[in-house]
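Please keep the sequence and the model in view while reading.

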Amino acid sequence: MWSSASGGSWTASRRSSVAAAGTEPEARCRTAARQVLERRWSPIRCRYRLTSLVHNRLTEKVAQGVIGTRAKLDELAKILEIAAEPAGEAGAAKRAKKGIPSVRERVNMLLDPGTFIETGALARQPGQSDALYGDGLVTGRGSIGGRPVVVISHDQTVYGGSVGVTSAQKFMRALQFAFDNACPVVTINDSGGARIQDAVGSIASFGDISRVLEKLSGYVPQVSIILGKCAAGSVYGPINTDVLIGTKDSYMFVTGPEVIKAVNGEDVTAEELGGAKVQAERGTLHHVADTEEEAYAWARDYLSYMPTSCLEQPPIVNPGLEPEITASDRELDRIIPDSDRAGYDMHEILLRIFDDGGFHEIRAAFAPNLITGFARVDGYPVGVIANQPLVLGGSIDAACSDKSTYFIRLCDAFNIPLVFVADTPGVLPGLAEEASGVIIRGGRVPRAIIEATVPIINLVVRKSYGGAYGMMAARQVGADISFAWPTARIAVIGAESAVDLLGKRQLAAMPAEQRSAAREFMINHYNETIATPWVAAERGYIDAVIEPSRTRLEIRHALRLLRDKPTAKPEFNPRKHPVYPM
């Protein structure tokens, strides 16, 4: 038992030790603060050194049991305030100079108002007392159009938005959340790539991120928005997502101009190397926006056509509109020129055969001889692939083969039916096309169509010649229902080429003054008897020849019939996967 005397003696001794313990940390704080000022560190480093000292002092007080709940809440408020602007006034000044929003302002511009819930705001590099909160990455979840979405955004003011070990862990946790909860991912990229200071840990992290991205591919929609710089290893994440949107002043490249100059002496600007316009023409970017706001709006519109995951069906918007033929429908009856040599804008047809004339085009600057994008039929999203007669006459080339293959697989992954609108003279001939691999790249298109399990509608409005017949989802390749307008011409080759090949001897035997008229007669005869929709319809290759003005309603009826099409092939095949021509 303790005596009262001994107890009193112990209490006095304890108080004395506590007082001494309280004095020493405070002295350390004052000493360290003086050292900070004497060393003249940068404002950011000074700020975080002093914050660390205060934090350590509070921690010691907690350990001594002399700090209460109010102080803990005050400490939390101070830490959250710092985490909201990790780079402090210097970071805000840097943004102001560039004229760009903060990372969290960017996130809120993308999401429905008031829906963002941040995760990992207090994450920072371990073992570094002056490490910045967030580690250059903001992650969380919110809503777009009332539906859940995971958002990941680089903070350009913190370590240049570079990816280190800690930020990579945050990145992967956000992706895993999207996988576990089956919701889309939008990444806002403004990053200098791997963080040099983290050495191999940084580049190893890109491999870890790639593995998680692969799990999400085809499972949930993934959108990447490129703002400012996206260089080195940072390009490989976005390129493995579904669509890439860039602002007009953004750029992407693996190796920057300085490194290229040092390695091979080549002078090239960032814009020439990987500017937004260049990357859109290459097909890397699916859309270029003038402003950040437009980029976010485009992403929101794109996601409105997508399900939250492949486990669901795409959203339905305003079904049942205009159930009868309209004045806009009747304009289709006179849209095709009388001359096969005359061009027209395919967009004029697309705007009249889908709901409300709406069309969300994808990759408009890449391979413009083929149009791809989203529309709605009776409120249901559909993917559209159409030839553009104004560019190369609508010919199929190697670039548009890549464009078509990608889009077919994107739509099939997310249960979106496909509508093909054909007007093409065939595969583009020439040495350049053969050298660019038109055989290999073109060979992937029918493979993608055959493998697709979504409903497929094929509509031939004018030309459908040669190998392009199959690349535009002919009945024999994969269309569930195939339509043709009376203006359709379906044959191995066009009339002029056929006459030049088949009528060469007959024309050569004629007097020179009669050859031109005879050739014209043979061309007309070919078009009227061979290259017509009637032959295809008689042999069952076309399901119906329809009036152009009835196209919108016929596509609507056809997709209603196909709404319950099985999503799996009935025939068992033990193979692991097919091998594409590459």
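Lys277 and Glu281 join their side chains in a salt bridge, with 2.7 Å from N to O. The term salt bridge applies where a side-chain nitrogen of Lys or Arg is within 4 Å of a carboxyl oxygen of Asp or Glu. Lys277 and Glu281 are four residues apart in helix H11 (residues 276-282), so about one helical turn separates them. Helices (H or I, at least four residues) and strands (E, at least two) are DSSP runs, numbered from the N terminus. Lys277 is exposed, at a relative accessible area of 59%, and Glu281 is partly exposed, at 40%. Buried stands for under 20% relative accessible area, exposed for over 50%, and partly exposed for what is in between (1.4 Å probe, protein chains only).

This is a predicted model, in which local features need pLDDT of at least 70 and side-chain atom pairs count only at pLDDT 80 or more, while totals for chains, interfaces and linings use all residues. Residues are numbered from 1 along each chain as its sequence is written, and side-chain values use heavy atoms, with hydrogens and water left out.

Helix H11 also holds Gln279. Is Gln279 buried or exposed? Gln279 counts as buried, at 7% relative accessibility. Leaving aside residues up to four places away in sequence, Gln279 touches Met252, Leu273, Gly274, Thr284 and Leu285; contact here means heavy atoms within 4.5 Å.

How many salt bridges does the structure hold? There are 23 salt bridges. One of them joins the side chains of Asp378 and Arg560, at 3.1 Å from N to O. Asp378 lies in the loop between strand E10 (370-377) and strand E11 (380-387), and Arg560 lies in helix H23 (residues 551-561), so this pair ties together parts that are 182 residues apart in sequence. Asp378 is buried, with a relative accessible area of 6%, whereas Arg560 is partly exposed, with 42%.

The side chains of Arg475 and Asp543 also meet in a salt bridge, at 2.6 Å from N to O. Arg475 is in the loop between helix H18 (468-471) and strand E14 (481-484), and Asp543 is in the loop between helix H22 (533-538) and strand E16 (544-545), so the pair ties together parts that are 68 residues apart in sequence. Arg475 is partly exposed, at 31% relative accessible area, and Asp543 is partly exposed, at 38%. Elsewhere, a network of salt bridges links Arg106, Asp190 and Glu292.

## Aromatic rings

Six aromatic pairs are present in the structure. One of them, Trp298 with Tyr302, is stacked, with 6.0 Å centre to centre and 5° between the planes. Rings of Phe, Tyr and Trp (its six-membered ring) pair if their centres lie within 6.5 Å; planes under 30 degrees apart count as stacked, over 60 as edge-to-face and the rest as tilted.

Trp298 and Tyr302 are four residues apart in helix H12 (residues 292-304), so they are separated by about one helical turn. Trp298 is buried at 9% relative accessible area, and Tyr302 is buried at 0% relative accessibility. Trp298 and Tyr302 belong to one aromatic cluster with Tyr305, Phe374 and Phe407.

Two arginines lie over ring faces. Arg376 is over the face of Tyr305, at 4.1 Å from the ring centre, and Arg363 is over the face of Tyr406, at 4.6 Å from the ring centre. A charge sits over a ring if NZ of Lys or CZ of Arg is within 6 Å of the ring centre and within 35 degrees of the ring normal.

## Nonpolar cores

Which members of the largest nonpolar core touch the most other members? Among its 61 residues, they are Leu110, Ile225, Tyr302 and Phe374. At least three residues of this core come from each of domain 1 (83-305) and domain 2 (327-494 + 531-562), with domain bounds taken from an automatic or database domain assignment. A nonpolar core is a set of buried Ala, Val, Leu, Ile, Met, Phe, Trp, Tyr and Cys residues joined through side-chain atoms within 4.5 Å. Another core, of 28 residues, lies apart from the largest one and includes Ile335, Ile457, Ile546 and Leu562.

Not counting residues up to four places away in sequence, Ile225 touches Leu110, Val186, Thr187, Ile188, Asn189, Ile245, Ala295, Tyr296 and Ala299.

## The chain overall

The chain has 23 helices and 16 strands. Of its 582 residues, 47% count as buried. Among contacts in the chain with a separation of 6 or more, 73% are between residues 24 or more positions apart.
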